[in-house]
Amino acid sequence: MLLQHMTMSEFAARRREVTTAVLPVGACEEHGPHLPLGLDAMHALALAQETARIKPCFVAPPVWYGLCRSSAQHPGTVGISGDVLRALIHDIGRDLWRQGVRGLCLLTGHAGGTHQACLVEAGENLLHSTGLEVACVCVLDLLAGARDFLECAGDSHAGEVETSLALYLWPELVKGTAAEAYPTFPRFVLVRDKLAHWPSGVWGDPTKASADKGRRILEAEASALAQVLSGLEARAGAAGTPPTP
Ligand SMILES: [Zn+2]
């Protein structure tokens, strides 16, 4: 149930039965030389839609921007501050609550640590300012069911996982190839010249990617996310709860 495609009447009818929503969050961020800048939001949105087939839920219009730190200097990365991200997520969550949503899953396709911390903080604020039950999930948290066929253990950005998903879902947007690469950021120290420590923009091994792996990754992620949504729904006592006007 894509919110952006529903009418007022359709939403009013469905919210009597469905009170859980997924908010896909991404980033406009470099994804190596071969993948599109919007991949994180595209991934989170596609996963939410796939999950909605198994576990009915509203899929809110995605947040296409996020907080990008390590990739900030790469061509094409356009980020927002933590203050803006927290406020944006909080406002969207508050209004989804006002519209009858009782369980909200913040699903991020962008795995940056600072970015995820902002989502957690916004979620905590929503717990106190509304009656929402909130889950914060990163797509990388949902890969347990794919570990038996994934080959690259340290893969997290524009590598085996994301390249496989793109080959499966948007093959026309995969432009050429990229090699296995990892950043060389020092521990503890924050560096000004991030490009010097991560010129490739790849964190993992895209040479291990395939469209078939992409299909299996999406299935594994959707199955894991459906369980998160069921847990949220149980916490919220959501099924069948009439919305607050
Ligand atoms: Zn990504």
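I started with two helices. The axes of α2 and α5 come within 11 Å and cross at roughly 65°. Axes here are lines fitted to C-alpha atoms, for helices over the stretch in contact, and angles run from 0 to 180 degrees between N-to-C directions. Helices (H or I, at least four residues) and strands (E, at least two) are DSSP runs, numbered from the N terminus. α2 and α5 are therefore roughly perpendicular to each other. I noted the classes: under 35 degrees is roughly parallel, over 145 roughly antiparallel, 65 to 115 roughly perpendicular, and the rest oblique.

I checked the hand next. α2 passes α5 in a left-handed crossing. That means the near helix is turned anticlockwise from the far one by less than a right angle; clockwise would be right-handed.

Which residues of α2 and α5 meet? From α2 come Leu39, Asp40, His43 and Ala46, and from α5 come Glu162, Leu165, Ala166 and Leu169. Contact means heavy atoms within 4.5 Å.

I wrote down the ground rules. This is a predicted model, where local features need pLDDT of at least 70, side-chain atom pairs count only at pLDDT 80 or more, and totals for chains, interfaces and linings use all residues. Residues are numbered from 1 along each chain as its sequence is written, and side-chain values use heavy atoms, with hydrogens and water left out.

Then I turned to the metal. What coordinates the zinc ion? His31 (NE2), Asp40 (OD) and Glu162 (OE) do, at 1.8 to 2.0 Å. Donors are N, O and S atoms within 2.8 Å of the metal (3.2 Å for Na, K and Ca); water is not among the atoms, so sites may look incomplete. The donor spacing in sequence is H-x8-D-x121-E. His31 and Glu162 link distant parts of the chain, 131 residues apart. His31 sits in the loop between β1 (20–25) and α2 (39–54), and Glu162 in helix α5 (residues 160–169). Both His31 and Glu162 are buried. Buried is under 20% relative accessible area, exposed over 50%, and partly exposed in between (1.4 Å probe, protein chains only).

I traced the sheet. It is open, has 4 strands in the order β2-β1-β3-β4, and pairs in parallel. Two strands pair if DSSP finds at least two bridges between them. The edge strands are β2 (58–59) and β4 (133–138), each pairing on one side only. Helix α4 (residues 113–129) packs on the sheet and touches β1, β3 (103–108) and β4. Its direction makes about 175° with that of β4. Helix α7 (residues 211–236) lies across β1, β3 and β4, at about 165° to β4.

I counted bridges. β1 and β2 share 2, with Val22 partnered by Val59 in β2. β1 and β3 are joined by 6, and Thr20 has Gly103 as its partner in β3.

Is β3 covered or open? It is mostly covered, with 6 of its 6 residues buried. Gly103, Cys105 and Leu107 point one way, and Leu104, Leu106 and Thr108 the other.

Most residues other than glycine have a negative phi. Ala158 has a positive phi of about 60°. Ala158 lies in the loop between β4 and α5 and counts as buried at 0% relative accessibility. Phe188 has a positive phi near 75°. Phe188 is in the loop between α5 and α6 (194–197) and is exposed, at 74% relative accessible area.
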